[in-house]
Structures are given as C-alpha cells and as structure tokens.
Amino acid sequence: MDEVRTKYAGSVVGLFWVVLSPLILLTLYSVVYLVIFRVQPASMTQHGYVLYILSGLVPFLGFADALHTGSSSLSSNKAILLNTVYPAELVPLRAVLASHAMTLVGLGIVVLATLFLGSYSWALVLLPVLLLFQVMLAVGIAWVFSLASLVLRDISHILGFATMLLLIMSPIAYTPDMVPNNLQFIIYLNPLSYFITGFQEILAYGRPPSWSLFSAITCLGLMSFCVGYWVFSRMKKAFFDYV
C-alpha cells in the first residue's frame with residue numbers, strides 16, 4: 001500500500017487515481033468501439049465485443065505497467081541495494097504488486113459490466129487465480145530485467161517497443177479466428193496471449209478456461225517466478241557492484 005501511495009504522492013486526487021484511471025480508460029475504449037468504430041465479430045453483439053476488448057485490455061495494461069515499473073525499480077531505489085537488512089528481491093516485487101492495484105479496480109469494473117449484461121457465471125471465482133499467475137509471470141520477468149537495467153540504460157527503451165509488440169500480438173481487439181491460419185502461431189508465441197484469453201473466457205464468454213489453457217497459464221506463471229528468482233538470487237551480487 002505504501003508503494004501505491006508513493007506512486008500517486010503529490011497529485012491532486014492522490015489514491016483516487018487508482019479508481020479514476022481504469023474508469024476513464026475503460027469509458028474511452030467503450031465510446032471508441034461503441035460509437036466511433038462500430039465494428040464487431042459476427043459472433044458477438046456490440047456490447048459483447050466491448051466486453052471482450054475490456055476483458056483483455058485490463059490485464060494487459062496491468063502487465064505492461066508492472067513490467068516497466070518493476071524493471072526500473074532497482075535503478076530508482078539504489079540506496080536500498082546498499083542496505084544489507086532489506087531483501088533486494090522485495091523491491092521489484094513491491095513495484096509489480098503496486099502496478100496491479102489499478103488492474104484489480106479495472107477487473108472489478110468489468111465484473112460489474114458482466115453482471116449488468118447477464119453474461120456472468122461461476123467461473124468468476126477463477127479470476128483471482130488467473131491474476132495471481134499473471135503477477136507471478138510479471139515478477140519473474142521484472143526480477144531479471146531489474147538487474148539488467150542496472151548496467152544497461154537501454155532496457156526501458158527496449159521494453160517500450162516490446163510492450164507495443166505484445167499489444168499487437170495479443171488477441172485484445174480481435175479474436176484468434178480473425179487471424180489467417182498461417183499467422184495464428186504468432187499469437188501463441190506470445191506468453192501473455194494465454195492470460196488474456198483466459199480472462200476473456202471468464203469475463204466475455206462466461207465460461208472457465210479449458211484445462212489446456214489453464215495448465216499453460218499455471219506453467220508460465222510458476223516457471224517465470226521460479227526462474228526469475230533463481231537468476232536474481234545468484235546474479236544480484238555481481239550486478240550490485242555497478243551501483
């Protein structure tokens with residue numbers, strides 16, 4: 001909570017940005033797709049299509065923000081690295097958790113939309129599980145990139161382009177069926193696609209993810225967390241020499 005307060009310290013409305021930011025963003029996207037574009041897949045209603053987009057957009061934005069803030073957390077808190085009492089592993093972890101505060105609010109808004117549209121089901125209880133594995137995915141990657149950013153200042157710029165590429169490769173505004181068969185493998189090369197599809201299955205389609213999809217999400221989250229922690233714990237002393 002302290003990390004979230006620090007993030008919005010000095011702003012006029014302070015912590016209210018945690019609620020206002022996703023509310024404004026989701027309203028803008030809804031207006032763009034409902035009023036301006038007026039496009040939708042043939043198998044969805046217009047409101048269902050907006051719900052599909054928001055179901056994928058909210059977790060994507062949370063992951064992107066967590067990736068950037070988590071990767072730069074060590075560079076912007078170098079004094080903590082010299083503290084032998086405070087575990088350095090907690091710096092990227094706290095940054096990633098704080099970044100997902102808005103994701104929690106955004107998902108809450110989307111859940112309210114599913115209740116309003118009547119597309120909810122018991123699968124909603126799986127949302128915290130999916131979010132937990134997404135946080136584990138982000139933490140594992142942030143651990144590795146936070147070390148690399150201590151010696152390579154280009155990391156933040158590279159992540160900016162990588163995030164843009166992930167947005168294009170993620171089925172947020174399109175369904176996998178809309179992609180030509182010979183190009184669909186691009187979607188599945190993107191680990192984040194599995195998480196976005198899982199959230200869309202629950203929120204937009206009102207059904208649980210398939211076992212194969214849920215297994216992929218579980219493996220990706222656990223693998224990223226374990227590998228990221230292993231790399232961080234063994235390499236941190238070598239990288240801290242650059243501080």
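Helix α3 passes helix α10 in a right-handed crossing. The model is predicted. Helix α3 covers residues 46-71, and helix α10 covers residues 191-203. Their axes come within 8 Å and cross at roughly 140°. That angle makes α3 oblique to α10. An angle has to be over 145 degrees to count as roughly antiparallel. On the α3 side, the contact is made by L51, Y52, S55, G56, P59, F60 and F63. On the α10 side, L192, I196, F199, Q200 and L203 take part. Of the residues in this contact, 9 are nonpolar and 3 are polar.

The crossing of α7 and α10 is left-handed, whereas that of α3 and α10 is right-handed. Helix α7 contributes L127, L130, L131, F133, Q134 and L137 to the contact. Helix α10 contributes L192, F195, G198, F199, I202 and L203. The residues of this contact divide into 10 nonpolar and 2 polar, with no charged residue.

Aromatic rings were examined next. The count comes to 7 aromatic pairs. One of them joins W143 and F232. The ring centres of W143 and F232 are 6.4 Å apart, and the planes stand at 45°, so the pair is tilted. This pair links distant parts of the chain. W143 lies in helix α7 (residues 127-148), and F232 lies in helix α11 (residues 211-240). The two residues are 89 residues apart. Both W143 and F232 are buried. Another pair is formed by W211 and F214. Here the centres are 6.5 Å apart and the planes meet at 90°, so the pair is edge-to-face. W211 and F214 both lie in helix α11. They are 3 residues apart, about one turn of the helix. W211 is exposed, with a relative accessible area of 73%. F214 has a relative accessibility of 18% and counts as buried, because buried means under 20%. Ring pairs also link W143, F225, Y229 and F232 into a cluster.

Residue V227 is also found in helix α11. Its relative accessibility is 45%, so V227 counts as partly exposed. V227 and V144 are 83 residues apart in sequence. In space, the C-alpha atoms of V227 and V144 are 9.0 Å apart. Helix α7, which holds W143, spans residues 127-148.

The chain as a whole has 11 helices and 0 strands. From the N terminus on, its elements run α-α-α-α-α-α-α-α-α-α-α. The chain has 243 residues, and buried residues make up 45% of them. Contacts between residues at least 6 apart in sequence were also examined. Of these contacts, 75% join residues at least 24 apart.

Key. Residues numbered from 1 in each chain as written. Predicted model: local features only at pLDDT ≥ 70, side-chain atom pairs only at ≥ 80, totals over all residues. Heavy atoms only, no water. Axes fitted to C-alpha atoms, helices over the stretch in contact; angles between N-to-C directions. Helix = DSSP H or I, 4+ residues; strand = E, 2+ residues; numbered from the N terminus. Parallel < 35°, antiparallel > 145°, perpendicular 65-115°, else oblique. Left-handed = near helix turned anticlockwise from the far one by under 90°. Contact = heavy atoms within 4.5 Å. Nonpolar A, V, L, I, M, F, W, Y, C, P; charged D, E, K, R; others polar. Phe/Tyr/Trp six-rings, centres within 6.5 Å; stacked < 30°, edge-to-face > 60°. Buried < 20%, exposed > 50% of the residue type's maximum accessible area, 1.4 Å probe, protein only.
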